[in-house]
Every structure is written in structure tokens, then in C-alpha cells.
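Hi,

As promised, here is the structure we talked about. Please open it alongside this email, and my notes on it follow below.

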Amino acid sequence: MIWASGWRLASAVSNAGGLGLIGSGSMYPDVLREHIQKCRAATNRSFGVNIPLLYPDIDKHVQICIEEEVKIIFTSAGNPKTWTNILKENGIIVVHVVSSSKFAKKAEDSGCDAIVAEGFEAGGHNGREETTTMVLIPAAVNAVKIPVVAAGGIVNGRQMLAAMVMGAEGVQMGSRFVASEEASSHIAFKKAVVHSAEGDTILTMKQLTPVRMLKNRFFKEIMEAELKGATVDELKAILGRARAKKGMFEGDLDNGELEIGQGSALLRDILPAGEIVKNVWKEFEEALINPMKKT
Ligand SMILES: Cc1cc2nc3c(=O)[nH]c(=O)nc-3n(C[C@H](O)[C@H](O)[C@H](O)COP(=O)(O)O)c2cc1C
């Protein structure tokens with residue numbers, strides 16, 4: 001996750017038994033190299049790098065991952081055909097993030113090893129179709145033979161079990177880990193996340209790249225511009241001022257872009273990442289034994 005998943009969070013998740021991912025989308029190439037090296041020093045376990053294909057410097061990021069012998073890459077927000085062959089030729093496991101079963105099939109046809117099927121509830125960039133996790137997971141599972149990892153709205157072990165009942169073989173959790181001690185997100189943003197309620201997030205900017213974020217002054221600015229019929233270039237100009245960094249990394253809750261999923265409404269605490277992973281497994285096992293018990 002941009003402005004959240006550096007080496008600290010990725011290594012803490014991996015050390016706890018999950019697969020930690022470094023979010024390269026907010027990193028210059030040299031910064032990415034440093035995070036990979038620090039992550040390797042902080043964990044003996046597997047970890048990966050996420051490369052959103054919509055940002056600049058993709059070729060440099062890919063080159064660094066190859067040089068640093070990263071074993072697993074999650075690609076997102078772009079065409080899986082562009083990079084999968086090159087990554088696979090270098091022995092890298094490739095997982096691509098999709099928002100529909102049509103794109104799931106495309107990822108499989110491009111040679112990806114697995115997909116993340118990410119529903120409408122998810123924080124950050126998202127599909128235009130608004131397919132919820134509840135519908136997307138069974139649809140994606142039916143569409144492809146490769147493993148499906150479920151994402152979007154999953155913040156606890158009970159929901160992880162539900163995803164697996166629908167055929168997912170794993171889950172990718174974002175918002176839950178924004179509210180972790182190791183996330184590099186600003187503490188003001190983390191607090192806003194754990195204080196948010198149902199209805200506080202919205203999927204917006206569909207004319208550009210749709211993104212789910214907390215409703216704040218920045219969101220209102222975008223919405224008013226859209227209502228006035230702003231062109232794509234005008235919207236880009238509003239977005240252009242490093243709004244994501246301003247909001248999530250620098251903690252400007254009014255003027256920054258605050259990417260988070262609907263699941264934030266279920267979060268009440270900022271915890272160490274290792275504790276989050278432990279809790280998820282505990283909740284999963286309890287739900288497996290007694291799925292209908294109220295928690
Ligand atoms: C702050 C934030 C930043 C994100 N950045 C990225 C990113 O750079 N690349 C990506 O593939 N997904 C990104 N995502 C999406 C997550 O990887 C994950 O799929 C999503 O958060 C899952 O849904 P959830 O938020 O309901 O857990 C981001 C999500 C959040 C909340």
C-alpha cells in the first residue's frame with residue numbers, strides 16, 4: 001500500500017506468518033531498493049513487492065526487483081500482459097490484482113500464478129464495475145483455475161473464513177494494516193481510520209482512476225468539480241498536488257487524499273502487525289468451530 005507498506009510493515013507481517021508486501025507505488029527506485037534490503041535483513045521469511053502499473057518508473061522498479069532477487073511480485077492497476085512474461089522469465093511468482101472475473105481470466109491467460117480478486121469495498125484504487133467481494137469471489141473462482149486471493153472489506157478472521165467458503169485460497173488485507181503500528185502512514189490518518197463509521201468512505205474519481213477514500217474536504221473539492229462538469233485535465237490538476245502523500249503520509253486530513261476501505265468501520269484499534277495476524281487466525285479458528293456465534 002502506498003504511504004503505508006514499507007519494510008517495517010512488510011517484515012512484521014512476514015515474521016508473523018503472513019506474506020508481507022512492500023508497496024513500491026510511493027517509492028523512488030532507490031528507495032525501493034533500500035526497503036527490499038531492509039526487509040530482507042528484518043525477516044527470514046518470504047515477502048513480496050507490489051508494483052502498481054499506473055505509476056512512472058515501472059521498468060526501474062522491475063529491474064531493481066530482479067537485481068535484488070525478489071521472489072514474489074503483485075502487480076495491479078494495469079495490463080497483466082505487459083510485465084508478466086519478463087517477471088516469469090526471471091523466476092518470479094506473479095500475482096495480479098483484478099476487479100472482475102473478465103480481468104481474472106485475462107490475468108490467467110497472461111501467465112499469472114494467482115490473482116487477487118478485489119471487491120468494491122476495498123481501500124485504494126478499485127474497479128469501475130462496483131462488484132462487491134461477496135459476488136466477485138465466487139465469480140472469479142469459477143472463471144479461472146489458478147488460485148484466487150480475496151480482497152476488499154476483509155479485516156478479521158471471521159471474514160477470512162467467509163472468503164474461503166466462497167473458494168478463495170487466501171486473503172489480502174489492506175485497511176486493517178493501515179491501522180497497525182508498523183504502517184508508515186501518519187498517526188493522524190491511522191486515528192481517523194479507527195474513528196470512522198459506516199458510510200464514511202466513498203469510491204470516487206471514476207473519470208480518472210477510481211479510488212475509495214474517506215470523505216473529507218479534498219473529496220468535496222473533487223465532487224464539486226465533477227458536478228460542475230470538470231474535464232479530466234481539470235480533475236488531474238486538483239489531484240496533481242501530491243494529495244495522497246499529503247493526506248496519508250503527512251497527516252493533512254482536510255486537504256489530503258485518505259485512501260481506505262469500507263472495513264475501516266469495523267476497526268477500533270491500532271495494533272502491532274504481528275498481533276493483527278495472530279488475531280485473524282484466532283478469529284478464523286473460532287468461527288470455523290462455531291460459525292454462527294456472535295462475537
Ligand atoms: C492506503 C492504501 C493504499 C493502497 N495502495 C495500494 C497499492 O499501492 N497497490 C495495490 O495494488 N493496492 C493498494 N491498495 C489496495 C490494497 O492492496 C488491498 O487490496 C485493499 O486494501 C484490500 O481491501 P481492504 O482495504 O478492504 O482490506 C491500497 C489500499 C490502501 C487502504
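Two aromatic pairs turn up in this predicted model. A pair here means that rings of Phe, Tyr or Trp (for Trp, its six-membered ring) have their centres within 6.5 Å; planes under 30 degrees apart count as stacked, over 60 as edge-to-face, and the rest as tilted.

Helices (H or I, at least four residues) and strands (E, at least two) are DSSP runs numbered from the N terminus. Trp3 is buried at 17% relative accessible area, while Phe249, at 35%, counts as partly exposed. For those words, buried is under 20% relative accessible area, exposed is over 50%, and partly exposed is in between (1.4 Å probe, protein chains only).

The pair of Trp281 and Phe284 is edge-to-face, with 5.4 Å from centre to centre and 75° between the planes. Both residues sit in helix α13 (residues 273-289), and because they are three residues apart, about one helical turn separates them. Trp281 is partly exposed, with 41% relative accessibility, and Phe284 is buried, with 10%.

Now for the chain as a whole. It has 13 helices and ten strands. For 295 residues, a compact globule would have a radius of gyration near 19 Å, and the 18 Å of this chain agrees with that; the value is taken over C-alpha atoms, and the globule rule is 2.2 Å times the number of residues to the power 0.38. Along the principal axes, the C-alpha atoms fill a box of roughly 50 × 50 × 40 Å. Of the 295 residues, 50% are buried. Among contacts (heavy atoms within 4.5 Å) with a separation of 6 or more, 62% are between residues 24 or more positions apart.

A word on how to read all this: residues are numbered from 1 along each chain as its sequence is written, and side-chain values use heavy atoms, leaving out hydrogens and water. Since the model is predicted, local features need pLDDT of at least 70 and side-chain atom pairs count only at pLDDT 80 or more, whereas totals for chains, interfaces and linings use all residues.

Best wishes
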